[in-house]
There are 2 protein chains.
Amino acid sequence: MLDGQERTIVDRVMREIFSLLLSGEIPLGGQLNEVALAERFQVSRGPVREAVKQLQGRGLVLKEPYLKARVVSLSLPEVIEVFQLREAVEGMAVRLATTAMSDDELDEMLSSFDTTAASDSAIDLDLHVRIAEGCGNDRIRRLLCDELYYLLRLYRARSGNRPGRRGDAFAEHWQILRAMRARDAQLAESLMRAHIGRATRSLQDVLIAEQDNSSKG
Amino acid sequence: MLDGQERTIVDRVMREIFSLLLSGEIPLGGQLNEVALAERFQVSRGPVREAVKQLQGRGLVLKEPYLKARVVSLSLPEVIEVFQLREAVEGMAVRLATTAMSDDELDEMLSSFDTTAASDSAIDLDLHVRIAEGCGNDRIRRLLCDELYYLLRLYRARSGNRPGRRGDAFAEHWQILRAMRARDAQLAESLMRAHIGRATRSLQDVLIAEQDNSSKG
DNA sequence: AATCCAAAAAGTGTTGACACTTTGTGGATG
DNA sequence: CATCCACAAAGTGTCAACACTTTTTGGATT
């Protein structure tokens, strides 16, 4: 996600802020203090400000003049919005990947899929990442890998439960891979959309349950 | 797209750079000179740098250390990538809008659709914008209105031809609106995807023709 | 004339200082 | 005791100067 070479301080600071978010030291919705960050990283405020501005452009940080920058916080409705977007975009991604990826690539995915444990949550996103990387459309790849998956990782690192994670996801992944290997782009897209759509609906159920609870209590 | 109140110089500079892009004074792929921009806007380089960093975060500007920032330039393959993404996202947008928008809103769109001239290119994107705004998913709305449509406007302002613009787009728009009014989300999504898919294919035809030309000459 | 290298010029990266805004504090007032 | 206002403290916004990198220039060499 970040450039390998960090020739400039701004890049380094951005990576450091990223890792502060991943580690949870700065919580979602938390505030970013320029002087504190500058002291911590032993730099002046300029690079910190530019790094924050770049994060703001990415939508990871919200800011109003003269107020501290706030890390974006994903509410459950916002996570649902991300999932609705994923359903559309990942459907297209798998459609494109089904024709763009080589037999060897697909076989490799299938074999590594068989050997790895099914229940690992990192594995869950892994298939989606590899499809995004294999779809051949760089704009779609960036949207998924650099924005949406990143947000979901942050969200998962906080709320212990993994949004939309269900037991039969493993079997659904396998079906998607089979459809890709059979070069059935239409089927692969349908399966992927159903896969993410089910996760979306389980999130909506949670949301409704929460609303019922709050209205009762 | 931009905040109404510009309490800070950075915001003003960002808007000014935007208008330089829209007006074509800075061409796609052109370079941004910090000192020249600073002098032009009568500010120091700090705000200019922060504005550029924010644009970089948005993906509108590319930058490598110690080299001048370059405005992103859309090649035809990249425009096709945008259209493939649009096909997926706008399909979902119209699906959501079909259930989210009120009868009054849809009727208003239908009537304003009848009265306006069909061939205006601004009208073309207008329907898409209103669907994006009415879909109720703010993340999808921002992706379409703040990023993709903006890029396409820039591209159209340059290359005289409007990408994917065909004569029967008007009739297709009308069909989509009818499906929405009939609350047939599935049909509306199919029509929208077909609508954008046809535009994508006409772009791909242009690309193939260009490649043939260059290989011959 | 063409090539190469050093110095100057132009441009970007970073810093510390200063100006402005917001927030917190403490005392005077009712 | 509560309220309000002035003042200090903290934090953000902007600027001008300096350091570093890249590009250009101009001449020396072949």
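Reader: Why is E189(B) called buried?

Author: E189(B) has a relative accessibility of 3%. Buried means under 20% relative accessible area, exposed over 50%, and partly exposed in between, with a 1.4 Å probe and protein chains only. The value of 3% falls under the cut-off, so E189(B) counts as buried. This is a predicted model, where local features need pLDDT of at least 70, side-chain atom pairs count only at pLDDT 80 or more, and totals for chains, interfaces and linings use all residues. Residues are numbered from 1 along each chain as its sequence is written, chains are lettered from A and ligands numbered from 1 in the order in which they are written, and side-chain values use heavy atoms, with hydrogens and water left out.

Reader: Where is E189(B) found?

Author: E189(B) sits in helix α9 of chain B, residues 185-216. Helices (H or I, at least four residues) and strands (E, at least two) are DSSP runs, numbered from the N terminus.

Reader: What makes the pairing of E189(B) and R95(B) a polar contact?

Author: Their side chains come to 2.4 Å. A polar contact is a pair of N or O atoms within 3.5 Å; within protein, one must be able to donate a hydrogen and the other to accept it, and residues adjacent in sequence count only if both atoms are side-chain atoms. The distance of 2.4 Å is within 3.5 Å, so the pair qualifies.

Reader: Which residues does E189(B) contact beyond its neighbours within four places in sequence?

Author: Contact means heavy atoms within 4.5 Å. E189(B) is in contact with R193(A), G91(B), M92(B), V94(B) and R95(B), once neighbours within four places in sequence are left aside.

Reader: Is E172(A) buried or exposed?

Author: E172(A) is in helix α8 of chain A, residues 169-181. Its relative accessibility is 7%, so E172(A) counts as buried. Not counting residues up to four places away in sequence, E172(A) touches R166(A), H195(A) and R198(A).

Reader: Why is R201(A) called partly exposed?

Author: R201(A) has 49% relative accessibility, so it counts as partly exposed. R201(A) belongs to helix α9 of chain A, residues 185-216. R201(A) and F83(A) are 118 residues apart along the chain, with C-alpha atoms separated by 9.5 Å.

Reader: Why does L85(B) count as buried?

Author: L85(B) has 1% relative accessibility, so it is buried. Helix α4 of chain B holds L85(B). Neighbours within four places aside, L85(B) is in contact with V89(A), R139(A), I140(A), L143(A) and L148(B).

Reader: What makes F41(B) buried?

Author: F41(B) is at 6% relative accessibility, so it counts as buried. F41(B) is part of helix α2 of chain B, residues 34-41. Its contacts, with neighbours within four places left aside, are R12(B), V13(B), E16(B), I17(B) and L20(B).

Reader: What is the phi of Y66(B)?

Author: Phi of Y66(B) is near 70°, a positive value in a residue other than glycine. Most residues other than glycine have a negative phi. Y66(B) lies in the loop between β2 (61-62) and β3 (69-71) of chain B. At 72% relative accessibility, Y66(B) counts as exposed.

Reader: Which residues line the second largest pocket?

Author: The lining is M92(A), R95(A), L96(A), Q84(B), E87(B), R193(B), G197(B), T200(B), R201(B) and Q204(B). On a 1 Å grid over the protein atoms alone, a pocket is an open set of points where a 1.4 Å probe fits, with protein on both sides within 12 Å along at least five of seven lines; lining residues have an atom within 4 Å of a point. Helix α9(B) gives the most to this lining, with five residues.

Reader: How many residues of that lining are nonpolar, polar and charged?

Author: Two are nonpolar, four polar and four charged. Ala, Val, Leu, Ile, Met, Phe, Trp, Tyr, Cys and Pro count as nonpolar; Asp, Glu, Lys and Arg as charged; the others, Gly among them, as polar.

Reader: How many helices and strands does chain A have?

Author: Chain A has nine helices and three strands. Buried residues make up 47% of its 217 residues.
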